[in-house]
Amino acid sequence: MIIDRVGLYPELAEYISPHLTQSDLRQCVRVSKDWHAVFIRHLWETFSDNASSDWFKLLERAVKEKSTGGQDIEWFKDVYRRHAGYIRYLEVCHPLIIHVCFANAFQLPPIPSAPSPRSVDPATSLITRLKSFTIKLHSFNMDEYLCNQPLDPNITSTQKLPYPTEAILAEACWRLALCNPRLESFDCTKFRNLQLRIAEHPSALPSITTLTMELPHGRVPRIPSNVITLNSSLLRKETFDPKDSPGVINDTLKELYVKDEVRTVAHIKSLLIQLPALRYLRLRRVHLKEDDEAPPVREGDTWTSDLKVLLCGLYERKSPELVKIFPWMPNLVEFHHSYVSSPFTAALAKHCPLLEVVRVTYKGCRYTPRNIFDSVHDRVSILLTSCTRLRILDLQYETIDARRIAEKPWVCLDLEMFRCGFVGLPYIHKRNEQEVTNIKERDEDARTKGLPEPEKTPVEAGLLEAAEAAKSMRRSVLQQISVLTSLKHLTLSRDLKIGRGLFTRRKTSLSVYRSERDGRMYFRYNDVLPDTLHLRLDTGLEQLASLNKLELLGFESMDHRMGEAEIEWIARTFPELKEIRGLAVHTQVGAEREPKIDALREMMLSLRPDIVHGASFTGYERQVLA
């Protein structure tokens, strides 16, 4: 029935195909002739002869066997000719497809001057619908290929070509790009000749909006004015020198992604000066020198950048010199990084009043378990008390010193996502908690009988005072959170992990233990420490009733102390809640089941079956199982 419908109604394939992978589409064209006719053009919309694929290996073998009379190469040529018209996203790793689908592709000698769009006849190319064109050919591939191709009857296959292979390939790719008037993305990395063509004729490709190329000497070259996104890497043999003449000013480029290392603050400022309209800057690896000095600020110099989004990845764990760039970015709205420090957050709070998003992504290898005796390094509070427009605060492994909450009120009242932990709260040992419970039961029993309360010893009075102080501080923290009425995502602790042997394959006695319940071995999750918040009604949980937009609540490594009353209250109070992370302990790799947590989860499922119980897996479970 489904096969017949797909054959009769091709619009079904139009709807389904965008959701299928290339592997799925290959399976679809093999179902029947009707399916083949419908799905074949969707399969060939994206084509890549990737060097690591079986297609590339078979193609290489066919090209080499051509001189011995093999016919496999003719099969590849026929396939290319029949399907070239469908291709919209092309990644070239082997030159055969260009040679077959473009007339006189590798002509000799190559034309030294770049042609204009009008000088190239689109009828010479079978590929005319490209939206994306990526070139991943290298000169050694061309040398090997051209040895067996009769490009010039006066040159035998054993003779060395009198023309550079890169020039021949650059000319072919350039003319192919000109034959595709709807081309939007062009990747010509590692082809300097082709990049020079683009710089010399910036109006030849009017439809391109995304360009990928190198930065000569670390500066943005002349590019077409219609390009708004530039993906670039630095030339490996060329480094930035501030003494060189500044590059051309580009008033239209809005997004820049630098894939290679950036080593100086002066280099970052040079890029910002070249691109006054830049709104999005991504630096894949920042490796600033420790003695790097920011460019001197002259008297009366008020230059700033209009940059809105900054993404940085560190080559090493720390790069404190990066804070020197924040005074140039008063309009920064989003800051994404792989590391955070107190100078970073202080500089953001001071120089970026429009900041709305702060997100730090942590790699698993940087994770270290927290110790109860470790000092608390609070890098987050300054953002909460300074950035009035903050909407997203995603600092998963950072902690807030709960003892300092009352010092200054939070001003980010529009916060929608809060992902951070609260630590440093006072606590008493569990056996002392039982003593406090016994004292209160004894006093309540005396009041019920109309008798005076028994006189308390100094130890008992001290225990009661410590317990009340612990509850009072937890109430004050939850009261501060309750003012964030726009919250949709609230995570109050980091995700669960195993101890210090987490990222090693060796299972030490510290990372596993034998259960007293069933005698089996389990991984030791030692993140749950007692100095965290308690999600209990007697410690102020009811104050969170103001968070009526809450959709996700997380408390995975928190000593939450919840009971049945708290579960009923959460199920009743948060109608928009869609996910809870903290009761699905059974999903953790190698974790022992906890009957009490299991019972709370089952109770929540019975009260609110619409709520999903998830866990913040970050990929580390694969390393554990290895």
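Trainee: Which residues of helix H16 (residues 564–573) are the buried ones?

Mentor: Glu566, Ile567, Trp569, Ile570, Ala571 and Thr573 are the buried residues of H16, where buried means under 20% relative accessible area, exposed over 50% and partly exposed in between, with a 1.4 Å probe and protein chains only. This is a predicted model, in which local features need pLDDT of at least 70 and side-chain atom pairs count only at pLDDT 80 or more, while totals for chains, interfaces and linings use all residues. Residues are numbered from 1 along each chain as its sequence is written, and side-chain values use heavy atoms, leaving out hydrogens and water.

Trainee: What do the buried residues of H16 pack against?

Mentor: They pack against strand E17 (552–554) and helix H17 (595–607); helices (H or I, at least four residues) and strands (E, at least two) are DSSP runs, numbered from the N terminus.

Trainee: The axes of helix H14 (residues 430–448) and helix H15 (residues 458–482) come within 10 Å and cross at roughly 105°; why does that make H14 roughly perpendicular to H15?

Mentor: Angles under 35 degrees count as roughly parallel, over 145 as roughly antiparallel, 65 to 115 as roughly perpendicular and the rest as oblique, so the crossing of roughly 105° makes H14 roughly perpendicular to H15. In the contact (heavy atoms within 4.5 Å), Asn432, Glu435, Val436, Ile439, Lys440 and Arg442 of H14 meet Glu460, Leu463, Leu464, Ala467 and Lys471 of H15.

Trainee: How do you know how confident the predictor is in the chain?

Mentor: The pLDDT, the predictor's confidence in each residue from 0 to 100, has a mean of 81 for the chain, with 81% of its residues reaching 70 or more. Over residues 152–158, however, the pLDDT is below 50, and this stretch has 6 contacts in the model beyond near neighbours in sequence.

Conventions:
Axes fitted to C-alpha atoms, helices over the stretch in contact; angles between N-to-C directions.
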